[in-house]
Amino acid sequence: MKRRIAGVCTLAAVAAAVAFPLAANAADGLAAPTFSQEGGRFTESATVALTAPQGAEIRYTLDGSTPTAKSPIYKKPLVIEETSNLAAVSIKGGVTSPAEIEGYIIKAEEEPQLSFFVMSDVHTSSLDDKNRGIWSSHFDTLASINPDPDLIISNGDQINDDNNNTAPDHQVVKTIFDENIDRLGLDDTPILMSHGNHDVGNADMAKYYGDWFPNASGGYYEKTIDGQTFLVIDTERYSGAQRTWLQGRLAALSAESGALNTPIFVVGHRPTANTVYDGAQASNAALTSDLSGYPQAVYFSPAIRTCT
């Protein structure tokens with residue numbers, strides 16, 4: 001895959017090149033070769049020099065298989081330009097050492113597949129100059145990281161309502177976002193919002209945010225951004241029709257070709273159970289259970305981001 005996903009949650013589709021250093025000495029004392037460069041991820045080629053005990057020759061492979069006396073013989077430092085698992089053994093007097101293996105992930109031409117921001121708990125209700133200045137600074141910080149993101153997510157608690165009927169405060173948030181989006185030239189950037197415990201009702205959010213929050217009744221919805229799937233849920237009422245919907249979408253997406261290598265982003269305001277320090281804000285044990293069967297699911301919440 002040419003590109004990777006970048007942002008708050010960064011994922012890369014990389015080959016399974018992993019370092020597996022084995023025992024350095026065989027029973028007879030012949031040591032495995034040493035590597036001048038440990039395995040890892042590289043944006044350019046990796047040059048690796050191998051050193052064996054005096055008088056021993058080195059045989060190696062680049063696919064992770066155990067080298068034999070018929071494998072290529074090491075003569076000079078290896079320049080690794082493609083993702084490889086380098087395995088090497090020392091051979092002396094008919095004795096072969098254990099193999100030493102290192103994985104080298106080469107991603108020299110990699111570009112982001114998707115770059116997006118996740119914010120939460122805007123908690124604002126004022127359009128005075130001070131508040132406008134604060135949010136102007138916040139958006140400037142985002143722009144300094146990436147001036148042209150593919151997506152912005154505001155993950156719950158846009159306002160401060162505690163059942164005090166302050167739904168019109170959502171217009172304040174909408175205005176602040178619109179002003180900064182226009183100022184920074186981000187008019188074509190999609191925005192997704194989730195419902196938090198301080199956001200009054202879903203109908204009110206849909207009224208003020210429109211396409212940013214398209215489900216006035218259930219608070220949950222799906223968006224595809226540049227080929228990536230985002231499932232936004234309402235963690236204030238994760239049950240019934242919403243839970244059935246999420247279970248169905250996770251199952252359907254996971255049945256598609258290449259599903260295990262394709263992330264499914266799930267966005268909700270409250271963290272899942274046992275993912276925050278004191279558990280005070282964790283809820284929805286059913287959500288934890290539903291996500292656990294999908295290793296490619298990436299869950300975003302304000303307190304923590306979990307990959308289950």
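At what angle do helix H2 (residues 169–183) and helix H3 (residues 202–209) pack? The angle is about 35°, and the two axes lie 9 Å apart. Axes are lines fitted to C-alpha atoms, for helices over the stretch in contact, with angles running from 0 to 180 degrees between N-to-C directions. Helices (H or I, at least four residues) and strands (E, at least two) are DSSP runs numbered from the N terminus.

The model is predicted: local features need pLDDT of at least 70, side-chain atom pairs count only at pLDDT 80 or more, and totals for chains, interfaces and linings use all residues. Residues are numbered from 1 along each chain as its sequence is written, and side-chain values use heavy atoms, with hydrogens and water left out.

**Helix packing and cavity**

The crossing of H2 and H3 is right-handed, that is, the near helix is turned clockwise from the far one by less than a right angle. Contact (heavy atoms within 4.5 Å) involves the residues tabulated here.

| Helix | Residues in the contact |
|---|---|
| H2 | His170, Gln171, Val173, Lys174 |
| H3 | Met205, Tyr208, Tyr209 |

These residues divide into four nonpolar, two polar and one charged. Ala, Val, Leu, Ile, Met, Phe, Trp, Tyr, Cys and Pro count as nonpolar, Asp, Glu, Lys and Arg as charged, and the others, Gly among them, as polar.

The whole structure holds one cavity of 30 Å³ or more. A cavity is a set of points on a 1 Å grid over the protein atoms alone where a 1.4 Å probe fits but cannot get out; lining residues have an atom within 4 Å of a point. The largest cavity contains about 40 Å³ of space, a volume being the space filled by probe spheres set on the points. Its lining includes Phe117, Phe139 and Asn146, and comprises eight nonpolar, one polar and no charged residues.

**Aromatic pairs**

There are 13 aromatic pairs, defined by ring centres of Phe, Tyr and Trp (its six-membered ring) within 6.5 Å, with planes under 30 degrees apart stacked, over 60 edge-to-face and the rest tilted. Phenylalanine 116 and phenylalanine 230 are edge-to-face, because their planes stand at 90° with centres 5.4 Å apart.

Note on methods: 1 Å grid on protein atoms, 1.4 Å probe; cavity = no way out; pocket = protein on both sides within 12 Å on 5 of 7 lines; lining within 4 Å.
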